[in-house]
Amino acid sequence: MSWSLQKLKVLSGQEFSLWESLLEKRTGIQLTHLQRVLLQTQVTIRMRELGISDPALYFYQVKDDQIGAAEWEILVDRLVIKETSFFRHRPSLNLVKQSIENKLNNGLLNESFEMWSVGCSTGEESYGLAAIADDCFRKRQGKYYYGVTAVDVSLPALSSAREGIYGRRSLNLLDVHEKFKYFDTLENDKYQVIERLRRRVCFSQLNIMNINRRTIQPMDVIFCQNVLIYFRRWRRREILQELVKHLKPGGILVIGLGEVTDWKCANLKRVMNDEVQAYVKCS
C-alpha cells in the first residue's frame with residue numbers, strides 16, 4: 001500500500017506526554033487543545049513521510065541534540081501558528097507612532113531609534129513597525145537612524161520574512177495608498193515590501209526562552225503580541241521581566257490585549273489606553 005494511503009498512527013497517552021514535555025522544555029510552549037490535535041497529527045504525518053513506524057524510535061531520534069536538530073526545526077515550524085497580516089492591530093502601531101513623534105517634537109531623540117519584534121513569524125509585524133517609523137522620520141529634516149530587530153524560533157518563517165513577499169490576503173487590512181507606498185507589485189498577485197523598508201529590518205533566530213543568553217542592545221520599543229498566549233502564566237511573567245531589562249528609559253513594551261492580566265513591574269507604568277496593553281519604562 002502506498003504510504004500516502006496508510007492510516008495515521010494514533011499516539012498513546014504516554015507517547016503524547018513525552019512529546020508534550022519535550023516541546024515545553026525546549027520552547028516553553030504550553031499546548032492548547034487545538035495545538036494538542038496539531039501535535040498528534042504532525043508527529044504521525046512526519047513519521048509516515050520518513051517511513052518510520054515506531055513512535056519511540058522517532059521520538060528519541062528527534063530528542064537527540066545532534067542527529068535530531070534538523071528534524072526538530074521541521075516539527076516546531078509546523079506546530080507554531082503563523083497566521084498574521086499587516087497592521088493587524090492598528091492601535092498598537094499608532095501608539096508606536098505617537099512615541100516617535102513625541103520624541104521628535106520634544107528633541108528627545110539623540111541616538112538611534114531601536115525596535116524589537118519578538119515572535120515576528122513571517123515578518124508582517126516587523127515591516128509594519130518599519131513602515132510606521134519610516135513615515136515619521138521622512139517627514140523631518142535631518143538624519144535619523146531607526147532599525148527593527150525581528151526574532152522568531154522558526155527558521156522557515158524567518159527565511160520567508162527576509163524575502164518580504166506576500167499574497168493579497170496579508171495586505172487585506174491596508175488601504176490602497178498604503179499598498180502603493182510600502183510595496184512593489186510582482187507577478188501572480190504577489191507584493192514585495194519596498195527595499196527601503198527591508199533594509200531596516202534584521203531577522204534572526206531566537207528561542208524566547210533563551211533571551212537572557214543573548215546580547216541585545218537597549219530598545220525604544222519592544223513589540224511582543226500574540227506570543228505569550230503559548231506559555232504558562234508564571235512563564236509569561238518571567239519572559240516579561242526579561243524583556244523589561246532591554247527597554248531604554250521611556251521605552252514602550254507592547255503586548256497583546258489580555259495576554260497578561262495580573263502582572264505588575266515596579267519601574268513600569270501602564271499606558272492609559274483601552275485599545276492597547278502597553279507599558280512605559282520609568283527608569
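Author: A search of the whole structure finds twelve aromatic pairs. For a pair, ring centres of Phe, Tyr or Trp (its six-membered ring) must lie within 6.5 Å; planes under 30 degrees apart are stacked, over 60 edge-to-face, and the rest tilted. Take Trp19 and Tyr58. Their pair is tilted, at 5.6 Å centre to centre and 40 degrees between the planes. Trp19 belongs to helix α1 and Tyr58 to helix α3 (residues 55-63), so the pair ties together parts 39 residues apart in sequence. Helices (H or I, at least four residues) and strands (E, at least two) are DSSP runs, numbered from the N terminus.

The model is predicted, so local features need pLDDT of at least 70 and side-chain atom pairs count only at pLDDT 80 or more, while totals for chains, interfaces and linings use all residues. Residues are numbered from 1 along each chain as its sequence is written, and side-chain values use heavy atoms, with hydrogens and water left out.

Is Trp19 buried or exposed? Its relative accessible area is 4%, so Trp19 is buried. Buried means under 20% relative accessible area, exposed over 50%, and partly exposed in between (1.4 Å probe, protein chains only). Tyr58 is buried too, at 1%. Trp19 has another partner, Phe59. Here the centres are 5.1 Å apart and the planes stand at 85 degrees, so this pair is edge-to-face. Phe59 sits in helix α3, 40 residues from Trp19 of helix α1, and the pair links distant parts of the chain. Trp19 and Phe59 are both buried.

A cavity is a set of points, on a 1 Å grid over the protein atoms alone, where a 1.4 Å probe fits but cannot get out; lining residues have an atom within 4 Å of a point. Grid points are joined across faces, edges and corners, and the volume is the space filled by probe spheres set on the points.

Trp19 lines the second largest cavity, together with Leu23, Leu39, Trp72, Leu75, Val76 and Leu79. The volume of this cavity is about 40 Å³. Helices α1 (13-27) and α4 (69-79) each supply at least two lining residues. The largest share, four residues, comes from α4. By class, the lining is seven nonpolar, no polar and no charged. Ala, Val, Leu, Ile, Met, Phe, Trp, Tyr, Cys and Pro count as nonpolar, Asp, Glu, Lys and Arg as charged, and the others, Gly among them, as polar.

Beyond its neighbours within four places in sequence, Arg46 contacts Tyr58, Glu71, Ile74, Leu75 and Arg78. Contact means heavy atoms within 4.5 Å. Leu75, one of these partners, also lines the second largest cavity. Arg46 is part of helix α2 (residues 33-50). With a relative accessible area of 13%, Arg46 is buried. Its side chain makes a polar contact with the side chain of Glu71, at 2.5 Å. A polar contact is a pair of N or O atoms within 3.5 Å; within protein, one must be able to donate a hydrogen and the other to accept it, and residues adjacent in sequence count only if both atoms are side-chain atoms.

Back to the rings. Phe86, Tyr127, Tyr166, Phe183 and Phe203 form one aromatic cluster. Phe86, Tyr127 and Phe183 are also among the residues that line the largest cavity. That cavity holds about 40 Å³ of space. Others on its lining include Phe87, Gly128, Ala131 and Leu197. Helix α6 (residues 124-138) gives the most to the lining, with three residues. Eight lining residues are nonpolar, one is polar and none is charged.

Next, Ser117. It lies in strand β1 (residues 113-118) and is buried, at 0% relative accessibility. Its side chain makes a polar contact with that of Glu125, at 2.7 Å.

Two backbone sites remain. Ser121 is in the loop between β1 and α6. Its phi is near 55 degrees, a positive value in a residue other than glycine. Ser121 is buried, at 10%. Asn188 is in the loop between β4 (183-185) and β5 (190-193). It too is not a glycine, and its phi is positive, about 60 degrees. Asn188 is exposed, at 69%.

Conventions
1 Å grid on protein atoms, 1.4 Å probe; cavity = no way out; pocket = protein on both sides within 12 Å on 5 of 7 lines; lining within 4 Å.
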